[in-house]
Amino acid sequence: KRDILSFTFLLLLTAYAVARDFYKILGIKKNASEKTIKKAYRKMAMKWHPDKNPDKPEEASKKFAEIAAAYEVLSDPEKKKVYDMYGEEGLEHGSGADAGGEGFPGGFRFEKGNFGQTFSFSGSDPFDLFNQFFGGDDFSRGSGGPKMRKQRESGDLYGSKSPVKHLSAGKFPGQSSRHVWLVKLYAPWCGHCQGMVSMLETLANELSGIVKIGAVNCEKEKRLCEEQGVVSYPTILSIVEGTVTRYQGDNNLKNLRDFALEKMPEQYVVNIRRIETAEEFMKGHCGVKGGSTTGICGILFTEKFDTSPTFKALSFQFRGRIALGEVRGNNQPVAQYFNVGTLPTLLFLCEGDKGVPFRYDGQLKIGPLQSYMKKLIRGGKNVCAEMKKSIGARKERARSLSSDDDFSKLKMSEIKELLSDLDHVCKGCVEKSDFLEALKK
């Protein structure tokens with residue numbers, strides 16, 4: 001028991017040693033009177049209000065919060081007593097009458113962050129305290145010096161036409177979301193948050209269809225921001241199937257783009273390396289029994305060795321409905337097995353029947369691909385029935401052609417389709433003349 005008490009006391013001493021000095025923050029002595037504490041708060045809060053420090057918003061916001069927290073503690077006799085005995089750790093763990101684990105009556109709550117102790121606010125915040133003292137929140141410059149505005153900025157930074165989606169508690173992405181999300185939780189009065197608006201909208205446009213970019217106004221969604229552990233602004237999160245990862249890097253376009261893309265799930269793209277793997281994929285993934293509710297699966301044949309963000313996004317968004325596999329690195333044996341002669345090629349199969357493939361002829365970009373795959377889902381089993389009928393008719397037409405026929409006016413895509421209908425792989429074909437010669441043979 002003595003060892004436990006000694007260890008506990010040591011922890012308290014250690015916490016006290018590393019705690020921030022509230023007296024130093026306000027620039028007062030420990031025996032300062034109530035009047036001196038108030039005077040010190042007024043002076044320091046005016047000096048470090050974020051509106052008065054637009055050139056250093058992060059530093060000002062941090063100091064402004066610390067000044068408010070220091071005043072909340074030192075102006076309350078009970079909390080001051082606990083703080084003098086045990087430091088911040090004592091306040092955090094509920095020592096004393098009013099320092100419960102749920103936070104102070106004034107609304108301040110201490111939390112452990114990744115960079116030491118930080119403050120978060122529930123019910124009230126540093127600006128509310130400032131308002132109590134001065135009758136307003138922010139500053140605007142006039143001929144007579146700083147003047148108070150009546151209401152602190154609380155409007156959304158992102159409008160209805162912004163590519164960044166405004167998120168409320170009811171629309172916040174959860175485990176069932178079919179998209180990867182990058183979410184910024186912000187306060188509209190935060191200078192750094194304001195400075196990121198254009199950059200985040202640029203990122204939203206760049207990653208459109210691949211990663212969804214959202215924003216939460218913590219002035220309006222305080223409970224949601226508390227639930228997400230927001231202790232500073234902006235807080236940026238990656239959310240994938242309900243799993244939340246907090247961004248810790250610098251807020252620049254490249255780093256945020258890399259952070260968003262590195263969270264893209266890869267497990268929904270099947271890497272098809274051999275013919276045996278292809279057969280397992282068609283048998284295990286392409287049918288309704290294999291988890292593809294439409295009975296349709298797609299295989300991308302590509303020269304690349306890494307899966308693109310576009311294909312990762314598609315596999316994640318359409319998981320359980322259309323299975324996707326990939327044949328990488330110009331894998332000729334597997335490509336020939338499917339009668340694929342040119343790369344890249346995207347084939348779709350019905351119920352894993354490679355004898356009835358249908359080639360996607362559109363752009364390999366996220367928007368057109370999403371539209372095409374949604375169309376397949378809407379068509380359901382009818383798509384496969386119609387495709388089998390269409391492919392059967394095409395094969396019959398191809399077999400009825402003669403080498404004496406004039407194919408020169410056909411488009412390249414039509415020539416390739418005829419070769420596919422004849423189950424012929426045009427090895428080494430590059431120019432249109434190569435494909436025409438192969439077709440005549």
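A: P234 lies in the loop between α9 (222-227) and β8 (235-240), where helices (DSSP runs of H or I, at least four residues) and strands (runs of E, at least two) are numbered from the N terminus. The peptide bond that leads from Y233 into P234 is cis, with omega near -10°. This is a predicted model, in which local features need pLDDT of at least 70 and side-chain atom pairs count only at pLDDT 80 or more, while totals for chains, interfaces and linings use all residues. Residues are numbered from 1 along each chain as its sequence is written, and side-chain values use heavy atoms, with hydrogens and water left out.

A cis peptide bond also joins L343 and P344, with omega about -5°, and P344 belongs to the loop between α13 (332-337) and β13 (345-350). That loop between α13 and β13 also holds N339, which has a positive phi of about 60° although it is not a glycine. E351 counts as partly exposed because its relative accessibility is 46%; buried means under 20% relative accessible area, exposed over 50%, and partly exposed in between, with a 1.4 Å probe and protein chains only.

The elements α13, β13 and β14 return in the packing of helix α11, as the buried residues of α11 pack against them and also against β10 (269-271), β11 (296-301) and β12 (322-327). In α11 (residues 275-284), the residues T277, A278, F281 and M282 are buried. These residues lie on the same side of α11 because they cover an arc of only 135° around the axis, the arc being that of the directions from the helix axis to the C-beta atoms. An α-helix has 3.6 residues a turn, so residues three or four places apart point the same way. The exposed residues E280 and K283 are carried on the face of α11 turned away from its buried side.

Leaving aside residues up to four places away in sequence, K80 touches Y23, K30, V73 and L74, where contact means heavy atoms within 4.5 Å.
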